[in-house]
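Try each task before reading its solution.

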Amino acid sequence: MTPDLSFWTMQTLNALQLSMLLFLLSVGLTVIFGLMHFVNLAHGALYALGAYFAATLASHAGFWVALLLAPLGVAVVGMALYGGLIQRMRKSGPMAQVLVTFGLIFVLLDLTRIFWGDLALAITPPAILAGRVDILGVGYPAYRLFIIALGLGIFAALALILSRTQIGAMIRAGVDNDDMAACMGINVERLFFIVFCVGCGLAGLAGAVAAPLLSVTPGMGLEILIPTLIVIVIGGLGSLKGAIAGSLIYGFVQTFGAVLLPGVASILIYALLAAVLLLKPVGLFPAKG
Amino acid sequence: MFRHTPLRYAALIILFSGALFTAFTAGYFGMEILTEILILAILVLALDLVAGFGGMVSLAHGALMGLGAYAFVALATKAGLDPWVAASAAVAITAGTGWVIGAICARSHGIYFIMATLAFGQMGYSYFFEQSFFGGDDGMVGPRRFDLGFIGINLNDSRSFALFCLAILGVIYLVAMAILRSGLGRSLTGVTHNEKRMRALGLNVWRVKADVFGLSGAMAGIAGVLAAQHIMFISPKMLHWTVSGEALVVVILGGLGTLVGPLVGAVAFVVMKHELSHVTTYWHLIVGLVLIAVVMSRANGIFGFIEARFRPKTDRMIQSIQTRDDAKEIAKDA
C-alpha cells in the first residue's frame, strides 16, 4: 500500500492517542520525581489498579462513574502508600527507593491477581463514544479521539495550574529548591503529599481510560512502566514540558516506526533514549538547568 | 579494599560445603535447583562487582547474560563451532558489549545510569525478540554441553554439571576478588567514594568504569553460556529487564558490596521461590514483602545484617557514623 493522506492522518491520530495515554502516566511520575526526588517504579502498578477499579465499577455503575471514581480510588491507595512507605523512604538514596517500589510492584501485581484473578477483563466504551468519527476522510474510533481530547485537556489544565495559581507557584518553587521553599514558609511536606496523590490519581485515570482500549490484565502495569520511564527520561525529569515532549516523541517514533520500519521499530525507541542520554544526559527539558 | 573477615570465610566454607553436600545427596530435582542457584550466583557476583563496589546500578546484566547465551548457541549450532570455542567467543562478545555500555554510561549517575543501562538491555531484548534468525520469540534449542571426556567427566550427568558449575563459580569468585584487590579495583573504590577527587588526581574515570563493566559483562556472559547448557533452551525472556531486576533483588537481599552476601541471596531467593511456589502461586507477593522489609530495615541485606550482629560494638559505632557520612555524600551528589 502506498502511503496517502488517509494513512498519514490515521497514523498521526494513533500516535497522538498513544502519546496522550503516556502523558497522563508520565506527568504524575515526573512531577513526583522533580519535587520529591523520589523514584516510584510502582507507578505502572497504580495504573493497572486504576484499570481494575474501572472495570469493576463500570460493570456496576456504568462507564462515566468508573472514569470518575477509579482515579479517586487510586489516589486513596496512593495516600495509604505515602503514609505507610513513601514518607519513610524519602531520605534514602535512589537505590533503596527503586528497590522498595520494585517490591511494591510484586505486591500490587499479586494483589490484583488475588482479587480479580488471572483472566483478562474487558469494558465496553459508552454508546456515545462507540462509533467512528470522520476526519479528513478517515473513520476514526470516537473513543480514541476522546482519549486525545482528555489528554490535551489535562495538559492544558495542568499548564494553567502550574503557571497561574498559587499552588502551581509553590510546586515550581519546591521543584527548584525545596529547602529554600520551606524557608519561605511553604509547607513542603503537605505539598509533597498533594502532588503524590494527584500523580497517583492521574495514573489511575490513565488506567481507567486505557481499560476499554486494551484488555485489563495483571501484567499491564509492568508493560507500561518502561515506556513511561523512557518518556520522562527523554523529556527530562520534573517538568511538564518534558513530559508532553517525551510523550509525543515516544508516541510518534513508536507508531510510525512500527508501520514504516517494522524490523527495527522496537529497537528504535531504545536507541533514541541512549542517544538522548549521550547528548543531553539529563533529558531534553529538565526542570533544573 | 575488599577484605575477608573470619565471618566471610566461615560463610564461604558453609556455602561451599552445603553445595558439595547437596550435589552428592540430592535427587534430580534438588540437583536442578542447585545448578540454578550456582548460575544465578555467577550473575549476581558480576552485578555486585559493578553495583556494590562501583556504584553502577545496572539493569543490563540480564541482557548481557542473555547475549552470552545467544552468542554461544548461535556460534555452536548455526556456525558449527566447537562448544569451547563458541563459549570463549561468546564471553569475549559480552565483555566487549559490557565495556561499550560501561563507557557510554560512565557519564551518567543515579537514576540516569539505571535508565541508560535499562535502555541498552531492552534494546538487546527487542533485537532477539524480533530476529527470526535467532528464533524470534520462540527462542532456540541449546547445543550439547561441553565435552570433558578427556578427563573422564560426562557433563550430561546432572551431578557432574552441578559440580562443574560450582567449580566455575569458585574460579569467578577468586577472579572477582583479584579484580577488587588490583589497582583497577582500588581505583574503582576511589571513584565510588569521590569521583571528582579521583579525576583531580589524574585518573581516567570513564576508563576504570568501562573496564570493570567489561569484566563484569564477561562474568555475566559465562553465566549465560552455562544457563544455555543447563536448560538447553534459550528465549528472549532471558534478556528482559525483569531478569536484571530480580538479580538486583538477589544482590540487595544478600548484601550489596560484600561478594559473599549475593551468594547468600542467591541461595535464599531460589529456595524461597521453589518452596513458596509449592505453597502458593502468589510467591511474588511474599518476595515483594520480604524485599520491602529488608530495604526498610536499613540493614545491608541478610549477610549485612549478620555481619552487623557479629561486629564488636565500637566497630559498629564507627560503621554507623561512616554510613551516615557516606549517605550524606551520596545525597549531595544526587
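**Exercise 1.** In this predicted model, find how far apart the end C-alpha atoms of residues 191-214 of chain A lie, and how much of the span is helix.

*Solution.* Begin with the ends: their C-alpha atoms are 34 Å apart. Next, take the secondary structure, which is 83% helix and 0% strand. Then turn to the UniProt record, an unreviewed entry, where 191-214 of chain A is one of the stretches listed as "transmembrane region". Over 21-43 of chain A, the chain is 74% helix and 0% strand, with end C-alpha atoms 14 Å apart.

**Exercise 2.** Work out at what angle helices H6 and H8 of chain A pack, and which residues meet.

*Solution.* First locate the helices: H6(A) covers residues 166-176 and H8(A) covers residues 188-210. Their axes are 11 Å apart, at an angle of about 105°. Angles of 65 to 115 degrees count as roughly perpendicular, so H6(A) is roughly perpendicular to H8(A). Now look at the contact, where Met170(A), Ile171(A) and Gly174(A) of H6(A) face Val188(A), Leu191(A) and Val195(A) of H8(A). Sorting these residues gives five nonpolar, one polar and no charged.

**Exercise 3.** Describe the side of chain B that touches chain A.

*Solution.* Start with the totals: chain B gives 35 residues to the contact and chain A gives 33. On the chain B side, helices H5, H10, H12 and H14 each supply two or more residues. H5(B) makes the largest share, with 13 residues. Finally, classify the chain B residues: 26 are nonpolar, seven polar and two charged.

Terms used
Residues numbered from 1 in each chain as written. Chains lettered and ligands numbered in written order. Predicted model: local features only at pLDDT ≥ 70, side-chain atom pairs only at ≥ 80, totals over all residues. Axes fitted to C-alpha atoms, helices over the stretch in contact; angles between N-to-C directions. Helix = DSSP H or I, 4+ residues; strand = E, 2+ residues; numbered from the N terminus. Parallel < 35°, antiparallel > 145°, perpendicular 65-115°, else oblique. Contact = placed C-beta atoms within 7 Å. Nonpolar A, V, L, I, M, F, W, Y, C, P; charged D, E, K, R; others polar. UniProt positions renumbered as here; feature names shortened; annotations may be inferred.
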